Amino acid sequence: MKFGTKTIHAGQEADPTTGAIMTPIYQTSTYIQASPGDHKGYEYSRTGNPTRNVLEENLAALENGKYGLCFGSGMSAIDAIIKLLSPGDEVISTNDLYGGTYRIFTQIFENYGIKFHFIGMDDADKTEALITKNTKMLWAETPTNPMLNIIDIEKLGQISKKHKLLFVVDNTFATPYLQRPLDLGADIIMHSLTKYMGGHSDVVMGAVICKDEALAERLYTIQNSCGAVPGPMDSFLVLRGIKTLHLRMQRHCENGKVIANFLKNHPKVGEVYWPGFETYPNHEVAKKQMDDFGGMVSFNLKGNKLEDAIKVVSTTHYFTLAESLGGVESLIGHPASMTHAAIPKDEREKTGVVDSLIRLSVGVEDIEDLVADLENALNKL
Ligand SMILES: *Cc1c(COP(=O)(O)O)cnc(C)c1O
């Protein structure tokens, strides 16, 4: 099955009792048993729910994995993955990282004796040099958030194999439409389904996907024991969103390209971060591991004034000022005061999250309207 067919069909069969073509929303907490232990495969909805299970199978297929597990949010998916570790273990992570991920690592899990090192993983040698006998996991985001750095997944996969580490890739920004890290040597994929996968800004959910059965068993025990599972209604919404993932992503990429080029030529704009530029650092790696360059574009302003950035993000109309990304509607954000406010100023500025940095999630609206919207806001500076 090819990708676009998988989005619609993988894991999904018409309901055997009614023929309903859409997966029913099994809004139930429990399931009848004829005699103790004699049931149809479901006992309790934390442990398993048919709507959620269809979504989990669909996700596993999209990532070319075998096992999918859904969680109540991307953060609870991350929580489950780190619970594979024990006190004394160390994690090496991308330094340009989703703010919430940085927060759960440093404010929650460091209290449990797990140590985190942050580094620009586009330098694979420097990353390898940080590995000690206590290192158990590599954690990568690519493209990174919000600087859109590209990390070579295959190279890190080789390093993690050599040192017997678990290699986790947060694939939220790219989605399996653009890149499939399990094929490139990752052990675990993490998703915030809240973003492109759900695609309609109407649900918060996360997922973990892997290929290895023993690893899936451990993750399943965590999912069932800790209980951060999504409900059937939300599972249905994400399943519905995924049916158009390939169509939406195609348009996100087309629009992202036009916006990136428009910004590059605008006199008020400083740097533009978009991996599709031929001169972009690691553009060749992006070309190798991604099928296109996505709909996320970041840029800063000439002069780097905080008040200019605030003015731009408050002036745009179709680019709505809001946290999050990946929905059909365009969003604009100011990482330093919004998504990355949890990261100390000197720490964030080292990675490029300066005061005038603006992040766009380019939606699927008509491109002429989107360009005019940005042009209007920038020309008011
Ligand atoms: C949003 C996001 C998360 C967290 O997911 P939630 O669904 O908001 O809990 C993690 N990583 C990335 C890259 C994200 O964009």
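Author: Ser201 sits in the loop between strand S6 (188–192) and strand S7 (206–210). The model it belongs to is predicted.

Reader: What makes the phi of Ser201 worth a remark?

Author: Most residues other than glycine have a negative phi. Ser201 is a residue other than glycine, and its phi is near 50°, a positive value.

Reader: Why is the peptide bond from Thr142 to Pro143 called cis?

Author: Its omega is near -5°, and the bond is listed as cis. Most peptide bonds are trans. Pro143 is in the loop between S4 and H6.

Reader: What is the omega of the bond that joins Asn145 and Pro146?

Author: Omega is about 0° there, and this peptide bond is cis too. Pro146 is also placed in the loop between S4 and H6.

Reader: How do you know that Lys136 forms a salt bridge with Asp89?

Author: The rule asks for a side-chain nitrogen of Lys or Arg within 4 Å of a carboxyl oxygen of Asp or Glu. The closest N and O atoms of Lys136 and Asp89 are 3.1 Å apart, so the pair counts as a salt bridge. Lys136 belongs to strand S4 (residues 135–141), while Asp89 lies in the loop between helix H3 (74–82) and strand S2 (90–94).

Reader: How do you know that domain 1 is in contact with domain 2?

Author: Contact means heavy atoms within 4.5 Å. By that test, 41 residues of domain 1 touch 43 residues of domain 2. About 3400 Å² is buried between the two domains, and carbon and sulfur atoms give 62% of that area. On the domain 1 side, Met147, Leu178 and Tyr196 lose the most area to domain 2, together 23% of what that side buries.

Reader: What makes Lys288 and Glu154 a salt bridge?

Author: Their closest N and O atoms are 3.8 Å apart, which is within 4 Å, so the pair passes the rule. Between domain 1 and domain 2, the count is three salt bridges. Across the same interface there are 19 residue pairs in polar contact.

Reader: Which helices supply at least two residues each to the side of domain 1 that touches domain 2?

Author: These are H1 (3–9), H4 (99–108), H6 (153–162), H7 (175–178) and H9 (232–242). H1 gives the most, with four residues. By class, that side of domain 1 has 20 nonpolar, 15 polar and six charged residues.

Reader: How do you know that the radius of gyration of the protein chain agrees with that of a compact globule?

Author: For 381 residues, a compact globule would have a radius of gyration near 21 Å; the protein chain has 21 Å, so the two agree. Along the principal axes, its C-alpha atoms fill a box of roughly 75 × 50 × 35 Å. The chain has 14 helices and 12 strands.

Methods: Residues numbered from 1 in each chain as written. Predicted model: local features only at pLDDT ≥ 70, side-chain atom pairs only at ≥ 80, totals over all residues. Heavy atoms only, no water. Buried area = accessible area lost by both parts, 1.4 Å probe. Polar contact = N/O pair within 3.5 Å; in protein donor to acceptor, adjacent residues only side chain to side chain. Nonpolar A, V, L, I, M, F, W, Y, C, P; charged D, E, K, R; others polar. Rg over C-alpha atoms; globule rule 2.2 N^0.38 Å.
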